[in-house]
Amino acid sequence: MVDVATQSLDDHAAIARALREKKRRSEKRAGLIKHAFLIACTFIMIYPLLWMLSSSLKPSDEIFGSLSLWPSEVMWETYPEGWEGLPVSFTRFFGNSLFVTVLSVIGNVISCSFAAYAFARLEFKGRNIAFALMMMTLMIPYHVVLIPQYLIFLKAGWVDTYLPLIVPKFLATDAFFVFLMIQFFRQLPRELDEAAMIDGCSAFKIYWAIIMPLSLPAVATAAIFSFIWVWEDFLGPLVYLNDINDYTVPLALRMFLSQDSISEYGQMFAMSILSIVPIIIFFIIFQKFIIRGIAMSGLK
Amino acid sequence: MAGVTLNKVVKDYGKLEVIHGIDLEVHSGEFLVLVGPSGCGKSTLLRMIAGLEEISDGTIAIGDRIVNDLPAARRNLSMVFQSYALYPHMSVRKNLAFGLSNLKMPKDEIERRVSEAARVLQINELMDRKPRQLSGGQKQRVAIGRAIVREPELFLFDEPLSNLDAELRVQMRVELAGLYNRLGTTMIYVTHDQVEAMTMATRIVVLSKGYIEQVGTPHELYTRPQNTFVATFIGSPKMNMIEAVVRGGTVSVPDFGDIALGGGAPDGKITVGVRPEQFEIGSSGPITTQSEVTLVEYLGSEMYVHTRLPSGRIVMVKDAGKAEHKIGDKLPLSLIPEHAHYFDADNRRLPIFDA
Ligand SMILES: Nc1ncnc2c1ncn2[C@@H]1O[C@H](COP(=O)(O)OP(=O)(O)OP(=O)(O)O)[C@@H](O)[C@H]1O
Ligand SMILES: [Mg+2]
């Protein structure tokens, strides 16, 4: 009696063990396939970057001649040569780009959060109409307004200066960021504003001392995106900047191609690699705020 | 300290009127509790006093100053919110000090008040934490601390204890009552928990659908409810309401018998209200009936017996905890006319035996 029971218990245990083993093996296989797939995808995504990096180090006849990602001979000199490879040094171009980009980011963050605060929290006449108009600007492509805008700035005498690139950023013209922040502000409890009101805050103080610190994730997102978009912007600087001394990095990169008949591809790729570095640094700094902000939003 | 005077206060949201001309005098130094069912306008009224909600019509005065157009910050009051509304990005210390530094108060005065509040509320160890690192009860203390450091003339509370569990709620209730005794500041307190209302209030205001039903001390509300709404709203379990008819000064209460009301009641419909503890068990009273127990709720020190009268109506009767009742038992009940409440066809109290 006892024996039979023990016997069958052992059997059950063995079957269970076998099943567990089988499941583990199939999970392992699924994991392998999943990872292989993801690694392949990553490689496809990152391949252009790798190609650019390797091309920046290759001798110039190898760039389009060889499929290998590995340069036969590493040409570090493309970097210093590229830096000084144009009539004006890249120190200048990076300086110009940083100037335009940093001011644009500051402008975007301040003006868009102002606008978003007004839409999310303040009561005023015509709010809904203003909101609808703002959302409509999201649907108009930049290229459509380019020419009318150019004419306005031409009349103002702003062409050939950085003003057309920077001033609009201080006027909350990026509806996408306004919308992003409105959505974020709306989910902050209104009782916080009310408590602050009783604590003697003006509307501006509520914005500055309560809403903004609690919205760091949205603000950081807006800052990162506007940094990337402005840094990489080619069309805007192309239209408004004509003096090579004012050029931003993307415009300068193109000069490698059009300067004369022999294009210095190696140097161009070297400078392209360098042009990505500020974006990466900026991202690394600001993504911390995104994570910290999310960790903080244990609001209740 | 200041009283608050509401004069024909109206609130509408567009076409929807939610507060219909309320007159109310809050005495300086009293603990006034606003109670009423959900959606009756308690919060709206409180927020209008606080200055968070515009006043559509009428006036509100704090002390002798009409505050209709005064922003919240300049009304010299503090408010404790149901969700506490602590600033999540500031430490407890900064939460307490924030309002004071907005007033440009000197640093050492802020420091003095904040540490005094921390001492009173026993939150000294929590001062450097962020609100998310606090339990519900601790958040509540901090929220109260933020209110008292301002040393206002008036405290407003909007259901401050409703997010706490039952035990903590009892504890905080005692502490709030203690705080009130110490400070003596005027307090207006919104709740829908009538135990909170009965135990803490100097006076209670019962609201329903944007109207005041009755204002009075807890004792007045319990013993002399002015209408059927207050009669059934105050007191737990509810008052038994028995509809009856008056003819020639005599009401015939179904199941029980006739009561002579004298000239106090006109002919027609009447409602006789009897609290569970106002029935007498036994057949010694002036009018009596037999009943059959259908359910017994035993609470230890007392019990509530649901019992069916001959007509099929079920009433609730309170008895001492040591009594023994079982489902199906026969239970004789007596009704003492002087103990019952009488309401006319418009649900207003008839002061028949109110000497
Ligand atoms: N912003 C608003 N717009 C329209 N109606 C509102 C608004 N705020 C409140 N109301 C209405 O006003 C009435 C009173 O609301 P209030 O919040 O004062 O109720 P309450 O007594 O505090 O209820 P509760 O006990 O549930 O908190 C409700 O019917 C509510 O629907
Ligand atoms: Mg409410």
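1. Let's start with how the elements are picked out: helices (H or I, at least four residues) and strands (E, at least two) are DSSP runs, numbered from the N terminus. With that in hand, walk along chain A from its N terminus and you read α-α-α-α-α-α-α-α-α-α-α-α-α. The tally for chain A is 13 helices and 0 strands. Keep in mind as you look around that this is a predicted model.

2. What about chain B? Here you'll find 8 helices and 20 strands, so do look for both kinds of element when you turn to this chain.

3. Now for the overall dimensions. Along the principal axes, the C-alpha atoms of chain A take up a box of roughly 105 × 70 × 30 Å. For chain B, the box around the C-alpha atoms is roughly 75 × 45 × 35 Å.

4. How does chain A compare with a compact globule of 300 residues? Such a globule would have a radius of gyration near 19 Å, whereas chain A comes out at 28 Å.

5. Next, burial. Chain A has 300 residues, and 38% of them count as buried. In chain B, with its 355 residues, 53% count as buried.

6. Have a look at the nonpolar patch on the surface of chain A. Its members are A:Leu98, A:Val102, A:Ile106, A:Ile110, A:Phe114, A:Phe170, A:Leu171, A:Phe204 and A:Trp208, and together they have about 870 Å² of accessible area. Which helix gives the largest share of this patch? That is H3(A), with 5 residues. Two helices of chain A, H3 (90–121) and H9 (203–214), each supply at least two residues of the patch.

7. Pick out A:Ile110 from that patch. You'll find A:Ile110 in helix H3 of chain A.

8. Where does A:Glu77 sit? Look in the loop of chain A between helix H1 (2–57) and helix H2 (78–83). A:Glu77 has 35% relative accessibility, so A:Glu77 counts as partly exposed.

Conventions. Residues numbered from 1 in each chain as written. Chains lettered and ligands numbered in written order. Predicted model: local features only at pLDDT ≥ 70, side-chain atom pairs only at ≥ 80, totals over all residues. Heavy atoms only, no water. Buried < 20%, exposed > 50% of the residue type's maximum accessible area, 1.4 Å probe, protein only. Rg over C-alpha atoms; globule rule 2.2 N^0.38 Å. Patch = residues over 30% accessible without salt bridge, like charges linked within 9 Å, V, L, I, M, F, W, Y side chains within 5 Å. Areas by Shrake-Rupley, 256 points an atom, 1.4 Å probe, with all protein chains shown as cover. Salt bridge = Lys/Arg side-chain N within 4 Å of Asp/Glu carboxyl O.
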